[in-house]
Amino acid sequence: MMRAVNLKTEYLRDPMGIDIVEPRLFWNCGGGTVQNAYQIVCRDDSGRILWDTGKVSGSSMRAVYSGSPLKSRTRVLWKVRLWDETDSQGGWSDEASFEIGLLSPSDWKASWITGDYKADPKKRYPADCFRKRFACRGAVKARLYASACGVYEGCINGRKAGNFVLAPGVTDYKKRIQYQTYDVTELLKDGENELTFQLADGWYRGSTGAWGLRNQYGTETKLLAQLELTFPDGSGETIASDGSWEWSSDGPIRFADNKDGEIVDAGREPSYSGKARVTSCGVVPSASDNVPVTEHEQFTPVRTKTPSGKLLLDFGQNMAGYIRFSFRAERTGKMILRFGEMLDENGELTQKNIQCSSRKKTTPLQRIIYRCRKGLNVYKTRFAVFGFRYCEVSADDLSDLEDAEFTAVAVYSDLRRTGFFKSSNALLDQFVESTVWSARSNFLDIPTDCPTRERHGWTGDAQIFFDTAGWLFDCAAFFRKYVQDMYDWQRKDGCLPQIVPEGGVDFYMDAMNGSVGWADAGILIPYRFWKRYGDRSILEKYYKGMKKYARFMIKRCGKHTLLSKPLRIPHGYRKYAVNAGQSYGEWAEPADVHPNKWTDMVLPHPEVSTAYTSFVMGHMAEIAAELGEEADSDLYREYARQVRRSYQAIRSLPEFTLDTDRQAMLVRPLYMGLLDTEGRKYAQERLVKALDHYGWRLGTGFLSTPLILDVLSEIDIGYAYRLLENEEMPGWLFMPKHGATTIWESWEGTEAQNGIASLNHYSKGTVCAWLFETMCGIRIDGENHFLLSPKPGGSFTYAGASYDSIYGTVACRWERSDAGVRYTAEIPPNTSARVELPGMEPFEVKAGKYEWMAETEKMTQKK
């Protein structure tokens, strides 16, 4: 019997407070082979039917809500039943839900409030504390809507509302501010209740970027809160933030910065002796329609002493998060906790690899200063997140901490893991898990580069990692929000950013906006989103902005500036070459391949920029055709063709010759299809020679590392495995071989750039997409359809992957023995797959579990 499972609304599970009034409803099929029809029934809290589709023929496992118009605060409960291939009716699914938030500015009765002081931008301030007391009896429903310019935590009667961390998250607060919706019904009690908030600087006023720039969005933090109570008779009451709320800044949190840390005096309690001041904000908050940032895994440490006598806590896993501890103190005193990723050669904690330092400033501090009180002390960081594996503790008297309980808590956006990989190579398996942990560490409302020094939402990092992230996590809602961040930023001339939101970006970096490979994320991420999730709505929503960026790219073609490098090619080719504008180029190749210089960010990169312009135009042609914009599609296709011809002319120049050992300069044109037949053959042969010259180690940089195994697989799968299995530096497996639990920013790890490099930077983990797509051969091939084309090789005896896709869980595994290669696969209900195995003709299969054998001689390894 077929039954609907895994029900989601707009990629979210039972979301509360969304602002999409015609949401898409998704499900998977449990049991059966083919879904012949479905029926969806939606009702509100009172049981009134809002939408009943009746029996709808078809196999699609999604539908757009088109029932009674949805208004603010409407809660919808929905369920699905299915008919299978024999037209047998299954039972109803479990009921799922979604709730609409506040759709109109008039729904907000609350006023923005702030502390009763005028902030000096040169000073730092304690957390603001707000309180409102109110009487309540018999409320059957209570919703708290809250937002802030800053970060907040709300409580009712001392119990935290919801499980969000660092709410409301990070956006460009001048253009968009998110709010959260909480069900707080269970926190209320009959009689007098107390609603309290703490408000800290967060991204709004606190440290941002590598140098900890502050006040990037304003100097006045502010809070917006609205508690709505519903009583049994249907009446209601609203408690809204206003000038009657009590306020003080004399609570225990004396300093709170999301990067530098907290200073806490446990002996203090807020007096609420003053009044909040009503202020204003030019932005009406909107729903995030995204997963929240929440707490996750917890780790207990191995405790040792450093040579200098400090307590050292090793949690065994590099992560982003914070600490919780409890202990009894015999007296008042001070303890200092410092957090970092590594120890120095003497066994002491060092933060040098994650800090920027000058005579005036060192940041980030990643430090907690805690003044304990006599008796029981219980603490958990509220308004800071650190990147760390180690915590160093110093105190007036460490003997008080002998029985202390310390716990590290991982904090990241609530992304459910969807992709799992296992092979006969333990180092590769650890590398995959390290990639998972680097993604978790850097997915905190936006995808960041590292959880320590910069925490910037680099668009280049995000675009190269999107496919790997899509395999490992259910990240559709997360990246949808990030695409909105990009287009919130977009300039009138169409330029897209290098970093978004841009708080903390140094002024001199402005010229790098529009850099190919980075700004291209505004097109490449929506394109890949469409392919992975079968969702063209993201193309429809942002197509206007994509056109503006495409126009921005086109205007650079043929442009010449004082910094342009001479291109001695015919005028007809120069007309379409991209030789203007600062850009990052390949970025971060190994130092002995191409050392980074400051000129790499000042001068144009005609080879890289021309390549990406053709590549992006090809994507735009396909997007435009999908949306029925044929004239646009023809224009972009023509530009892709002409720019490709210019690229070939550029590569004929001695300074850009294909006869090079720089792997990136060969990988890029091969992956992007930029060469003619003769050039392609030469570049393939030259790439193999370049790898021979470099000992089959990775010589690629930021942009081409994700592409090189795909290119080698087309030449010969044996070459791809030979590079993958390299355990020397530079190489993927060098990291786990040397104890890494996350992915390093630099191939050299702790030895890079005089030690200035994060050890938690997901970009080099992009190879994981190849493990799923090529090694294990799983690809999404349209709605309800997969392609399974595994390619065994190397010294591996087995490898397998499973993926919880938008259409259900698909899996493929292979295992080699003397008898041959045994393949197993699982195709989810209501889907089918084309299977391509070595030595066999391709064939189609329906849902089910399968096993096949192939001959050993078809699986030879390339030496």
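Arg3 and Asp94 form a salt bridge, with the closest N and O atoms 3.0 Å apart. The pair links distant parts of the chain. Arg3 sits in strand E1 (residues 3–9). Asp94 belongs to the loop between strand E8 (75–83) and strand E9 (96–100). The two residues are 91 residues apart. Arg3 is partly exposed, at a relative accessible area of 32%. Asp94 is exposed, at 56% relative accessibility. The model is predicted. In the whole structure, a search finds 60 salt bridges.

Arg277 and Glu220 make another salt bridge. Here the closest N and O atoms are 3.2 Å apart. This pair, too, links distant parts of the chain, 57 residues apart. Arg277 is part of strand E23 (residues 277–278). Glu220 lies in the loop between helix H1 (202–205) and strand E17 (222–230). Arg277 counts as partly exposed, with a relative accessibility of 29%.

A further salt bridge joins the side chains of Asp445 and Lys481, at 3.3 Å from N to O. Asp445 is buried, at 5% relative accessibility. Lys481 is also buried, with a relative accessible area of 3%. Both residues belong to one network, in which salt bridges that share partners join Arg176, Asp445, Lys481, Asp485 and Asp488.

Lys764 presents another case. This residue is located in the loop between helix H14 (734–737) and helix H15 (768–775). Lys764 is buried yet has no salt bridge. Its nearest side chain of opposite charge is that of Glu748, 7.3 Å away. A salt bridge requires the side-chain nitrogen of Lys or Arg to be within 4 Å of a carboxyl oxygen of Asp or Glu. With residues up to four places away in sequence left out, Lys764 touches Phe431, Trp732, Met735, Ile743, Trp744, Glu745, Ser746 and Trp747. Lys481, by contrast, is buried and meets Asp445 in a salt bridge, whereas buried Lys764 has none.

Terms used:
Residues are numbered from 1 along each chain as its sequence is written. This is a predicted model: local features need pLDDT of at least 70, side-chain atom pairs count only at pLDDT 80 or more; totals for chains, interfaces and linings use all residues. Side-chain values use heavy atoms; hydrogens and water are left out. Helices (H or I, at least four residues) and strands (E, at least two) are DSSP runs, numbered from the N terminus. Buried means under 20% relative accessible area, exposed over 50%, partly exposed in between (1.4 Å probe, protein chains only). Lys and Arg count as positive and Asp and Glu as negative; His and the chain ends are not counted. Contact means heavy atoms within 4.5 Å.
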